[in-house]
Amino acid sequence: MNNPEWAGLPVVVAGLGLSGISAARVLHELGAHVTVVDGGDGPGLAAKAAALTGQGVSVRLGDGATLPEGTALVVTSPGWAPDSPLFAAADAAGVPVWGDVELAWRLRTPHPATGEPAPWLAVTGTNGKTTTVQMLASILTAAGKRTAAVGNVGVSVLDAVLAEEPYDVLAVELSSYQLHWAPSLRVHSGAVLNLAPDHLDWHGSMEAYAADKGRIYEGNQVACVYNLADPATEALVREADVEEGCRAVGFGLDAPAVSNLGVVDGLLVDRAFVADRANAAAELGAVADVNPPAPHNITNALAAAALARAYGVDAKAVRDGLRAFTPDAHRIAHVAELDGVTYVDDSKATNTHAAAASLAAYRPVVWIAGGLAKGAAFDELVADAAPRLRAAVLIGQDRQLIREALERHAPQVPVFEPAPGQTGAGAMAAVVAAAAAAAEKGDTVLLAPACASMDMFTNYGERGDLFAAAVRALQP
């Protein structure tokens with residue numbers, strides 16, 4: 001894969017995580033002189049460094065701030081913040097900084113059948129990105145296209161653009177971090193699902209966070225897809241500089257106006273990608289084809305459908321792709337129904353926006369919440385959810401913040417804290433027992449913590465697995 005444009009080029013890769021290792025490997029194979037830098041120096045990093053060194057890549061641990069002399073390009077891992085000293089040094093030296101997505105975009109090659117690189121259909125947003133991209137990939141597969149869910153999910157975007165067997169089209173999940181470092185990205189069609197405060201410590205402000213999300217619309221060729229229920233996403237479309245003829249396409253849960261997608265009598269309906277938009281619509285499937293058919297997941301499906309339709313996929317493939325889609329674990333996953341009470345695992349709801357969407361799907365709810373708040377406030381979430389709550393069972397380091405919000409906005413809701421100071425399986429067993437005791441027939445016990453998990457569990461996956469195990473242990 002040696003490339004004369006890259007031969008001998010001194011490139012620094014920032015970070016020894018998965019994306020950094022992938023970028024280092026690709027750049028080395030292109031012929032660049034690669035140095036990976038990372039401020040850490042623990043045993044795990046040392047093992048990764050040894051593996052790369054054995055392949056001919058230079059690695060410098062314990063110093064992620066100093067720019068090696070002569071560096072021509074820095075390729076950063078997504079998590080490195082813009083104010084990192086390494087980037088300040090690069091800026092002072094006039095050295096460009098790219099992310100792995102920018103590198104992948106520039107390394108695209110023509111598809112042998114079309115003579116053009118495979119189009120990218122891209123998705124970002126505070127919540128729902130992974131599910132939407134996976135739905136989109138399922139739809140494209142149903143349409144007979146060789147595709148993959150790539151980017152911030154599934155296949156590495158670098159691996160995808162350099163695959164031996166080329167893809168026809170890519171469904172690309174992009175985080176705000178990745179978009180920040182992708183200045184030349186210009187996708188076929190892009191979608192922003194929603195915007196809520198997140199990662200503000202990295203971006204510095206909500207305005208900067210939104211601006212990075214909005215980069216997904218820059219240079220769009222066919223469609224800028226936005227959420228009709230979230231005016232901030234439409235504002236990003238209005239601000240974008242797109243190609244001539246690119247259209248704004250909204251999606252939402254109501255009957256669609258012209259140029260939008262929506263829901264009519266339990267059907268998913270398209271009035272954007274039909275010949276006579278003023279007088280006709282295309283039926284794309286039923287709400288029942290969406291798994292699970294929670295309101296926020298229906299909007300995910302509509303966004304995926306809009307991107308697929310922008311690419312030219314027919315209505316039947318949209319329906320077939322949605323029917324074939326199976327969501328990842330811990331995303332509003334039905335665990336069991338015991339004594340008339342439904343137990344749902346949405347451990348992936350790690351922020352208030354995701355928890356709000358989950359809570360809106362059920363009524364009445366015994367809500368299991370808490371963990372690491374990451375600076376979040378809970379007043380709006382609790383005030384909106386209060387009419388739905390039967391009880392709340394609180395866990396984790398920052399549970400007091402949620403308790404105080406409940407005291408202010410839902411004082412009638414009983415609050416239980418069964419496992420202070422406990423972690424792991426024992427804590428979750430106590431939590432589920434308390435929730436089961438509070439629940440009545442017809443209720444939903446919902447794990448939607450609105451917080452990160454690492455204070456009590458390895459990650460949100462373990463939190464959800466232990467919840468499901470504790471629920472199953474209730475069965476006779």
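## Val13 and the β1–β4 pair

In this predicted model, Val13 sits opposite Val75 of strand β4. Strand β1 covers residues 10-14 and strand β4 covers residues 73-76. The two run parallel and are joined by four bridges.

## The sheet

β1 and β4 belong to an open sheet of five strands. The order is β3-β2-β1-β4-β5, and the pairing is parallel. The edges are held by β3 (58-61) and β5 (97-99). Each has a single partner strand, so one side of each is left without a neighbour in the sheet. From one strand to the next, the twist averages 25 degrees.

## Helices on the sheet

Helix α1, residues 18-30, packs on the sheet. Helix α1 touches β1, β2 (33-38) and β4. The direction of α1 makes about 165 degrees with that of β1.

Helix α2, residues 43-54, lies across β2 and β3. Helix α2 runs at about 160 degrees to β3.

## Arg463, a buried charge

Arg463 is part of helix α17, which spans residues 460-473. Arg463 is buried, yet has no salt bridge. Which side chain of opposite charge is nearest to Arg463? That side chain is Asp455, 5.9 Å away.

Leaving aside residues up to four places away in sequence, Arg463 touches Ser347, Thr350 and Gly370, among others. Its contacts also include Met428, Leu447, Pro449 and Cys451. Ala452, Ser453 and Phe457 are touched by Arg463 as well.

Note on methods: Residues are numbered from 1 along each chain as its sequence is written. This is a predicted model: local features need pLDDT of at least 70, side-chain atom pairs count only at pLDDT 80 or more; totals for chains, interfaces and linings use all residues. Side-chain values use heavy atoms; hydrogens and water are left out. Two strands pair if DSSP finds at least two bridges between them. Axes are lines fitted to C-alpha atoms, for helices over the stretch in contact, and angles run from 0 to 180 degrees between N-to-C directions. Contact means heavy atoms within 4.5 Å. Buried means under 20% relative accessible area, exposed over 50%, partly exposed in between (1.4 Å probe, protein chains only). Lys and Arg count as positive and Asp and Glu as negative; His and the chain ends are not counted. A salt bridge is a side-chain nitrogen of Lys or Arg within 4 Å of a carboxyl oxygen of Asp or Glu.
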